[in-house]
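My notes follow the order in which I looked.

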Amino acid sequence: MTDLVSLSRRDGVAVVTIDHPPVNAISHGVRAGLLAAVDQIRSRPGAIGAVLACAGRTFAAGSDIREFDAPVKEPHLSTVIAALEALPVPVMAAIHGTALGGGFELALGCHYRIASPDAKVGLPEINLGLIPGAGGTQRLPRLIGIAAALEWILGGKHVAAADALAAGAIDELAAGDLLEAAVAAVRRIAQQKAIRRTSALDIPKPAPADVFTAQRQAVAKRARGFEAPPAAIDAVEAAATLPFAEGMTRERAISDRLKASLQSRAQRHLFFGEREVARIPDIGKEVAARTIDSVGIVGAGTMGRGIAMACLNGGLSVTLVDRTNALADAGRASIAKSYARDVEKKRLSEEAMAQRLERLTAAGDMEALAQADLVIEAAFEDMAIKQSLFRDLDRICRPGAILASNTSTLDLNAIAAVTRRPADVIGLHFFSPAHVMRLLEVVRGRATAADVVVSAMGFGKRIGKVAVLSGVCFGFIGNRMFEGYVRESQRLLLEGATPAQVDRALTNFGMAMGPCAVIDLAGVDVSFLTREGNRPNLPPDPSYCLIGDKLHHLGRFGQKAGRGFYRYESGAAVSDPEVEALIRSEADRMGISRREIGPEDIVARCIYPLISEAAQILDEGIALRAVDIDVVWASGYGWPRYRGGPLFHADAMGLQAIVDGIHGFARDLGNDYGYWTPSALLAKLAAEGKLFKDWSRS
């Protein structure tokens, strides 16, 4: 054994305990210790059974993901589980906290499972581009059936102990002390002189003959482009059609292939990245966060209501303010209606809805914000309006309150400058719908205090967001990169592509939506007004987002108007001949030759500027790390997680290939406005044969 695994005796039962804080990850040391404990139980007769338990706050919450990039050091987890399952005495897994991934596979290899009532189990490997690789796809179907196993494995969700008990994945809930209950259960089972080995069970609840076909069709739509979901179906199908040993061989081969794949490396990059972005290098752990229990929100429109719901969902008290009581009350009523829909769809209980609404106050007077810990302004994207609001907030809010702007593009320093407390001002850029979208850009101004930054990052975590710190510039991280992406997508329209062709090329690349569809959703008018606010900084290019400007002037504001780049019929986007005629007319007027443009060229034209701008943002210090940029785009802009973010994707392509591509566009398209000049950092890294992952500010 190792110091990570101990073996003791209790009432004649061997108790094997994993103690590897903080989450008992199944590292090589844990695996070696478990195998040594199993060998000792087998070689020293006397134990009537065994309990596998974990110290600390949780059962084994998974394998050690950091080991996945290196060759597996024996013993493999499947070897440990096979040895555990082969013991001649009953073995009980005692589950508390979470038993996930390899931890749950370890429990499935025990003969029986008992759990605390608040425990959760699951196989979330699919979220890392993987499948369970230590028997999970073979043992789970033998306990709960093919259909349920597919649902658990493909969903990657955590399953509550009571639901796992009902499904057959665990055998008992502990009424009192978990270890005592586990030992008592083993003693009871030992008297029956029967051992149930999961690998020897027949699959219960025969699944419909077409279950695998149906699931393949479903994941082709739901998880378009991802390799792991169809591979998981293949592995579970092996459990249904092959003997256990052959199924294990099939699972191992699939697991090893996925573990080495670029897709899984990309998803693991984001997994660790979402944890890394919380670390702010220049702020020490000694900086304490301010208390945030009550939040004031200025603006009861779509964004304000979404922010309010995000805060309510996070357990905070919210005061929603608008210009009049009627507008504020209408905002509250809309939130109540949204929660009622969640209750109707069984996504929320009546009790939870009542608790959230009880913490929501609507007011038509900004004075109601006087005692709020945090106030978030969600008003129209106009500097004069925002500065006026912050002058009022500066006067009204108590000392020490944090004043936040939801601006998506404007200069936070200019907003903070109108207050007497710029150290208390920060940007909190939510993405619509704010209660659904995971990303929160936290914008640090020139004067923003360190404890305000810490408080904002903690607030983001509390309300379930992935919070990423940005510096101040037009558009911050995400929207600044989006500018070049949209610019090229609209120039491609003039050169010969249709909106549908542009969008299809980019959704086939993996984007959740194409750029034309995104602008229709967000509002053609919103996009236009954002450009208007930044005209002095835009190039004097007469083709710059010309089609978007023309659509705005025609009142084609997107989905809300029923027409934008597309026409909307019963909620569905339909190509509109009027738009295509407009595009051809504008191209003719500007003397732009039109041609057939292939999907590869469309993707390169849109993605290369995005990568180059990301490198510039990194070089300027707007983003702290390359992974911060990747997390922003994967969490807030529909970038495909299996491509790991723009800079991970650039590394995978090779930076010199991107620089060469940009130079090629400069040669073919001209470079009058500097669009096709690689950013200095991108060019430097490419010339040195380095990657973004090698770069650090130090």
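I began with the rule that a disulfide is a pair of cysteine sulfur atoms within 2.5 Å, and I kept in mind that this is a predicted model. By that rule I found zero disulfides. For cysteine 473 the closest cysteine sulfur belongs to cysteine 545 and lies 17 Å away, which is too far for a bond. I also looked up cysteine 516, which is in no disulfide, as the nearest cysteine sulfur, that of cysteine 606, is 8.7 Å away. Cysteine 473 is buried at a relative accessible area of 15%, and cysteine 516 is buried at 1%.

Next I turned to the salt bridges, of which the count is 49. In one of them the side chains of arginine 188 and glutamate 172 meet at 3.1 Å, N to O. Because arginine 188 lies in helix 7 and glutamate 172 in strand 9, this pair ties together parts that are 16 residues apart in sequence. Arginine 188 is partly exposed, with a relative accessible area of 40%, and glutamate 172 is partly exposed, with 24%.

I then noted aspartate 394 and arginine 421, whose side chains form a salt bridge at 3.0 Å, N to O. Aspartate 394 sits in helix 15 and arginine 421 in the loop between helix 16 and strand 15, 27 residues apart, and both residues are buried.

Isoleucine 385 belongs to helix 15 and is partly exposed, with a relative accessible area of 36%.

Terms used
Residues are numbered from 1 along each chain as its sequence is written. This is a predicted model: local features need pLDDT of at least 70, side-chain atom pairs count only at pLDDT 80 or more; totals for chains, interfaces and linings use all residues. Side-chain values use heavy atoms; hydrogens and water are left out. Buried means under 20% relative accessible area, exposed over 50%, partly exposed in between (1.4 Å probe, protein chains only). Helices (H or I, at least four residues) and strands (E, at least two) are DSSP runs, numbered from the N terminus. A salt bridge is a side-chain nitrogen of Lys or Arg within 4 Å of a carboxyl oxygen of Asp or Glu.
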